[in-house]
Amino acid sequence: MKIRPTRHCLSFFFILGAMFLASINYQSNAAWLMVFVIFTTGCMSAVHGWRNLSPAVITPGDSPLVQAGDGARLTLTVADPAARDLHALVIELPADFAADKMDEDRPLVAEHHHRLLIPHVAGRGSARAELLLPPLTRGVHQFTALHVSTQYPLGLWRALRRVPVRFFVTVYPEPRGVPLAQAQPDADAAKGSGARGVQHEHEDFRGLRPWQVSDSPRHIDWKAAARGQGPLLIKEWSGGGQGVTWLTWKATAGDPEARLSQLAKWVIEAYHLGLCYGLRLPGSDLEPSSGGA
């Protein structure tokens with residue numbers, strides 16, 4: 001832990017020095033007493049600041065999911081295992097904070113100082129708050145430390161402690177580009193396997209079954225629903241009858257970031273449409289499926 005004087009502390013001791021010289025000049029016992037009382041109060045404020053800061057325990061919450069270019073909000077829990085209350089705690093990222101991208105060796109530099117004020121933490125209690133993180137580039141970032149400080153009680157000293165933490169922030173590509181309905185198929189892929197291509201296998205109609213939450217709206221028997229014949233029904237085909245949509249890297253254009261943003265937009269649209277879709281990237285394929293996973 002470090003304790004450093006603030007600019008108010010410098011002004012405080014400058015005025016106190018002037019009072020000390022005046023006390024010598026006038027040989028006033030009352031002035032001498034006042035100087036030493038004020039001097040002791042100023043020094044003891046550093047001790048109280050240290051005692052106010054030392055018990056704080058900071059625990060990061062679940063790692064936020066954020067899109068590239070957006071600021072993430074990290075939930076923090078500040079606990080006080082001591083019996084005394086804590087006051088005016090400031091939590092912030094270090095000026096040279098170590099947010100290391102997992103696939104790079106260089107640290108990111110914060111353009112703005114992001115800080116959070118915790119006015120009060122009850123003794124043997126805790127408080128929750130959100131720390132705004134700076135905009136980060138796409139990828140997985142690891143944070144290794146936070147700074148917690150206080151100028152309590154008089155603002156003359158700043159007690160600072162570096163708290164080691166470990167949390168990750170996953171930054172996804174920003175979804176942008178043409179809608180899935182306007183996407184051009186991958187010319188090099190097999191028929192029906194491009195970004196717009198839908199493969200239907202075993203198109204023999206098998207029957208109807210009751211609707212479930214995970215079913216796509218495209219497979220609902222809307223004619224039966226319009227007639228008001230009981231609950232919603234889903235059409236089934238032998239072999240599953242699920243159309244497969246392949247979202248392919250080759251169906252996109254531009255630099256790698258633009259391609260990833262386009263694929264991200266298609267993935268989100270395919271998810272909301274309830275499609276069974278797969279993802280084809282250079283060197284790897286994700287087999288077709290549906291749902292959140």
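Helix α4 gives the most to the lining of the largest pocket, five residues in number. Helices (H or I, at least four residues) and strands (E, at least two) are DSSP runs numbered from the N terminus. The model is a predicted one, in which local features need pLDDT of at least 70, side-chain atom pairs count only at pLDDT 80 or more, and totals for chains, interfaces and linings use all residues. Residues are numbered from 1 along each chain as its sequence is written, and side-chain values use heavy atoms, with hydrogens and water left out.

Back to the pocket: 17 residues line it, with Y172, P173, L260, A264 and V267 lying nearest its centre. Two or more lining residues come from each of β3 (65–67), β9 (139–150), β10 (157–172), α4 (256–273) and β15 (276–281). A pocket here is an open set of points on a 1 Å grid over the protein atoms alone, where a 1.4 Å probe fits, with protein on both sides within 12 Å along at least five of seven lines; lining residues have an atom within 4 Å of a point.

Then there is the largest nonpolar core, where I118 and L133 touch the most other members out of 29 residues. Such a core is a set of buried Ala, Val, Leu, Ile, Met, Phe, Trp, Tyr and Cys residues joined through side-chain atoms within 4.5 Å, buried being under 20% relative accessible area (1.4 Å probe, protein chains only). Strand β10 supplies the largest share of this core, six residues. Another core, of eleven residues, lies apart from it and includes W249, L275, Y277 and L279.

Key:
Buried < 20%, exposed > 50% of the residue type's maximum accessible area, 1.4 Å probe, protein only.
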